[in-house]
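Please keep the sequence and the coordinates in view while reading.

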Amino acid sequence: MKREIPILLTVLSGLLVTLAFFTRGENVAAGIETHWSKAVNAELLQWALIFFSVAFILGIANLVRISLKQIQGGGADAFYKTVMLIALFGYLGVGLGEYHGWWSFAGEGEQPMKLWIYDKLFIPLQATMFSLLAFYIASAAFRAFRARSLESTLLLVAGAIVMLGQVPVGDQITDGYASRWLAFLMVYVNGAGQKAIIIGATLGVLATGLRIVLGIERSYLSE
Amino acid sequence: MFLALQEAVTEAPFFTLDTSQPGDVLGAWLVCFLTLAVFSFLYKDNPFYKFAEHLFVGLGTAWFTMKYYEEGIVQPIHEYITSARAAGAAGEVFELGGYPLDTAWAIGFRVVAGIFALFLLSRLIAPNGWAPRWPLAIMVGVYAALKMTGETQSKLVLLLANAVAPVTDPNKLAWGELTQNPGWRIENWDMFFSFSMGIFFVGLICALLHFVFTFKRTRVLAGVSKVGVVTLMITFGSMFGFTVLGRIALLIERIDSLDGYTDPAYSLAGDSGGFLTMAFSPPILLGAVIALTLGVGALRGRGGDSA
Amino acid sequence: MASLRDFDRRWIFLIMAVIVVGLNVTGGGGRLPVSEYVHNYYDTIEALPEGSIVMLSADFDPASAAELLPAYTATIHHLFTKKLNIVNVATWPAAPPYTVSEFGRIAPQYGAEYGESWVALGFLPGDDVAMGNIGQSLASAYPKDDVDETPYGDLPLLERVGDNMDGIDLLITMSAGYPGILEWIAQVGGRYEVPILAATTAVQTPDLFAFYPSQCAGFLGAATGATQYLQLVDEATGGAVEKERLVNQKRMAVQSGAHLFIILLIIVGNLIYFIGRRGA
């Protein structure tokens, strides 16, 4: 039963959502009423959305458990793990308190405290973390990108054309040709390559989706 | 700095939640400290960066938890059931996905979803129990079916149909840019169109055939595959070029943001004068303090060089 | 040669920082030529009759705001100038604060009333499932709005929209990755035949050429596309986004310097490699 019921639930929910794809919604002009599978589909999507959110919160519980263990064990990172947990629970307290109306720091017409923290702490941290990659990509350009073969040379040339074609200086130093080369490259060559990649990936999604919906694929149950 | 684009802020409150006022002083110092603390990683891993990194994980996790709790639990369970009950009490027609439904059924279904969500949470107590598998199974089934149907229609059927559409209707191809921009007019359009479409279809077919592993690689197939690889490498090259563009755009925005905090309102020296105002502004002063601390630390030989 | 090849990469970091800070301080930057796909983005909005309803999805976070926030701001100005109505949704949890701040700032400039001209429904979790939900039944997906918890049916604009995508004339996504434009195309574009426009991060821009112009009518590719669009909107609105336009044009000038530096690094790196190999 530990295996059969989950597989049955997967097949049933998968087939119902698939069925809803092939049925029609309301069309007053044509006198068509909404098919019942649309209601089932809407409800199942809501269920998936709820489980998705609960699964996320489950992940947080694991993060907290692991961090607490590290703090108990002492060591170099114990201080930083403490900072992380204080930030986590402090911010959660502020945010949930404001959401449920347990407390409020804002006056009339002012923004909630959780948005101030978002603005002054979260935004600079996340934005700067990702901006660091600009430095590493520069370093990689010097150390790693080698024109060892025809293919790698083409990659570098295409990259250079994009870099030049996207900025004003590119057209200035190529007499306006950089953006034309870029347009041709993106539409006719990149367009073909992207379509091939997407078609290949979608065939994979279709095959895997069919295996799951038909109950053949069971690896998600750790079998 | 940067006077041509925006007026310098000369007065700002120490702390405010009122968004109609200029950004507050406390916020300015925090933004600059955290930005520079993250940038300090470029020198080497250090306590400033570690502090910022863990603060980021804590705050980010809290924000995500808040949003998932509010929109993924409170809204679809509590608010939905409240709405359904209100509709039932008022005798209104309650619709689910456009289909009229008795409110008792609507509430019943959602209560079951709530119970299944609790099953998922039971993983905390019994990680290998049967209960968490039920909601997980439903989630996998729904996702698989949704992706399979939606993506097959849009990224396979419609994509292929649209790939061949320009042959009969050139307006379906993104070619206008080559003719539309001044000075870009192409004299022999028909020849250019045939040449471009040739490149496109040869590239597409060869790249697709490169992924076919059903047949033995003969010389012909190997040749076709080589053309496919060339198309894919140019595609990857353009992706690399765009990645550079994106990453640098993020860096420029952060530098621009720091630049904005050199205004007199945020400087410890106030509006006393050009150099002093600048030297005691948050990005310069905090940058100097972080650099000095790391420099002294390096001189004393503390910590390993992980850069 | 070996010493050149293996020298401390922090020197590259330092030069990069000097270039970006230096060019940022000196300013500059002029008008960019507008690409066809940016023109199409602009023209698609222009072609909508007054009072049409546009769904604007904020699918980004602070990590991509540098590229997408200018496009978001310009799009809001453009939509309000054309007297179009906006239904805001988000599939990224960190996006709603941007909706709050941008609409709080821009809507009053056009006298756009909340509930009548625009609504904010907020974040919906679930990625593909969220989009499937929004497409199938907006009312089921959002029982209440995100501003003051007003029930769905009590907001006049949402009453006009009805329950599903039939009430939406255009979908615009500010797409930073997954979930984003590719998922909107799969879950809503194909199923409900709603025209879609997108502003994308640079990383996602090359993907769009597979769907443009049939499945994505126009797009703002990266910071470049956003800057070009700001130029068009600035002209159309008589200078409403002048500050943003100037800032972005200046940033494109900085970008030029950084790109040249990276191309130079690739050339020098390869020269050192080939000279070293010949020597060996």
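D61(C) is placed in the loop between β1 (53-59) and α4 (62-81) of chain C; helices (H or I, at least four residues) and strands (E, at least two) are DSSP runs, numbered from the N terminus. With a relative accessible area of 9%, D61(C) is buried, where buried means under 20% relative accessible area, exposed over 50% and partly exposed in between (1.4 Å probe, protein chains only). Its C-alpha atom is separated by 9.4 Å from that of P97(C), 36 residues apart along the chain.

The model is a predicted one, in which local features need pLDDT of at least 70 and side-chain atom pairs count only at pLDDT 80 or more, while totals for chains, interfaces and linings use all residues. Residues are numbered from 1 along each chain as its sequence is written, chains are lettered from A and ligands numbered from 1 in the order in which they are written, and side-chain values use heavy atoms, with hydrogens and water left out.

Chain C as a whole comes to twelve helices and six strands, and its C-alpha trace spans about 75 × 40 × 35 Å along the principal axes. Of its 280 residues, 66% count as buried. Helix α9 (residues 181-192) of chain C is mostly covered, with ten of its twelve residues buried, among them W184(C) and Q187(C). Just after α9(C), E193(C) takes a positive phi of about 55°. In helix α8 (residues 156-161) of chain C lies V161(C), which is buried at a relative accessible area of 5%.

In chain B, helix α1 (residues 25-39) has 15 residues and reaches 21 Å from its first C-alpha to its last, close to the 21 Å expected at 1.5 Å a residue; the expected span is 1.5 Å times one less than the number of residues. Twelve of the 15 residues of α1(B) are buried, so this helix is largely enclosed by the rest of the structure. W29(B) and F39(B) are among the buried ones.

Charged pairs come next. Over all chains the count comes to 20 salt bridges, each a side-chain nitrogen of Lys or Arg within 4 Å of a carboxyl oxygen of Asp or Glu. E43(A) forms one with R110(B), the closest N and O atoms being 2.9 Å apart. This pair crosses between chains, from helix α2 of chain A to helix α3 (residues 103-121) of chain B. E43(A) counts as buried at 4% relative accessibility, and R110(B) at 0%. K147(B) forms a salt bridge with D128(C), with the closest N and O atoms 3.0 Å apart. Here the crossing runs from helix α4 (residues 133-168) of chain B to helix α6 (residues 128-136) of chain C.

Within chain C, E102(C) forms a salt bridge with R105(C), the closest N and O atoms being 2.6 Å apart. The two are separated by about one helical turn, because they stand three residues apart in helix α5 (residues 96-106) of chain C. E102(C) is buried at 7% relative accessibility, whereas R105(C) is partly exposed at 37%.
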